[in-house]
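Subject: Structure handover

Dear colleague,

Please find the structure below, together with its sequence.

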Amino acid sequence: MSDNYPLPDREARKSEQMDKIRYLVDRLRPCVYIIECKCPNKISNIEQPHEGPMVRVGEGLTSKRLFYVGSSIRIIERLYEHNRGLTGAAKFTQQYRPIELVELRWYNSKEQAREQESIVAEEYRENGNGSWHVYQHHNQYQDFNWRD
């Protein structure tokens, strides 16, 4: 996918959200996905996560763009979890509201998708020239720490 696709509104009914997400993703295969999340303009605009501590507030406030990079073999359900901010979603997307599915990259196995996740995240970091914050849950560099 090379174009951006707006995600449904978080408050929309489940059926409306699932229909739109199914429209975006018409097949299930292992993939790496990139979601752009909302950059807050002040700390009071950052949503409290449903569970656990807030994460890296500084990057959220100072970055021009925020991205979440993940991999999944059940992309429709995973995007729904992120979009709704459900407990099963990443704490990052509970806190920083997803606004757009930016890209999907399909792979032949979940192991291959997991390996490529770090590479995709690094591509986005390089493209942002330091002005983008890219969060990757399975970060091999462990440069993203939870804040107490």
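The secondary structure of the protein comprises 5 helices and 5 strands, where helices (H or I, at least four residues) and strands (E, at least two) are DSSP runs numbered from the N terminus. Along the sequence these elements follow the pattern β-α-β-α-β-α-α-β-α-β.

Please note that this is a predicted model, in which local features need pLDDT of at least 70 and side-chain atom pairs count only at pLDDT 80 or more, while totals for chains, interfaces and linings use all residues. Residues are numbered from 1 along each chain as its sequence is written, and side-chain values use heavy atoms, with hydrogens and water left out.

Overall figures

Of the 148 residues in the protein, 47% are buried; buried means under 20% relative accessible area, exposed over 50%, and partly exposed in between, with a 1.4 Å probe and protein chains only. The protein exposes about 8,000 Å², of which carbon and sulfur atoms supply 45%. Accessible areas were computed by the Shrake-Rupley method with a 1.4 Å probe, and for residues only the protein chains shown count as cover. As for contacts (heavy atoms within 4.5 Å), 76% of those between residues at least 6 apart in sequence join residues at least 24 apart.

Strands E3 and E5

Strand E3 (residues 65-72) runs parallel to E5, and 5 bridges join the two; strands are taken to pair if DSSP finds at least two bridges between them. Within this pairing, Val69 has Gln136 in E5 as its bridge partner. Strand E5 itself (residues 132-136) is mostly covered, with 4 of its 5 residues buried.

Helix H3

Helix H3 (residues 75-84) is largely enclosed by the rest of the structure, because 8 of its 10 residues are buried. The buried residues of H3 are Ile75, Ile76, Arg78, Leu79, Tyr80, Glu81, His82 and Asn83. After H3 comes Gly85, with a positive phi near 70°.

Cysteines

The structure holds 0 disulfides, a disulfide being a pair of cysteine sulfur atoms within 2.5 Å. Cys37 is in no disulfide, and the cysteine sulfur nearest to its own, that of Cys39, lies 8.6 Å away. For Cys39, too, the closest cysteine sulfur is that of Cys37, and the 8.6 Å between them is too far for a bond. Cys37 is buried, at a relative accessible area of 1%, whereas Cys39 is partly exposed, at 27% relative accessibility.

Yours sincerely
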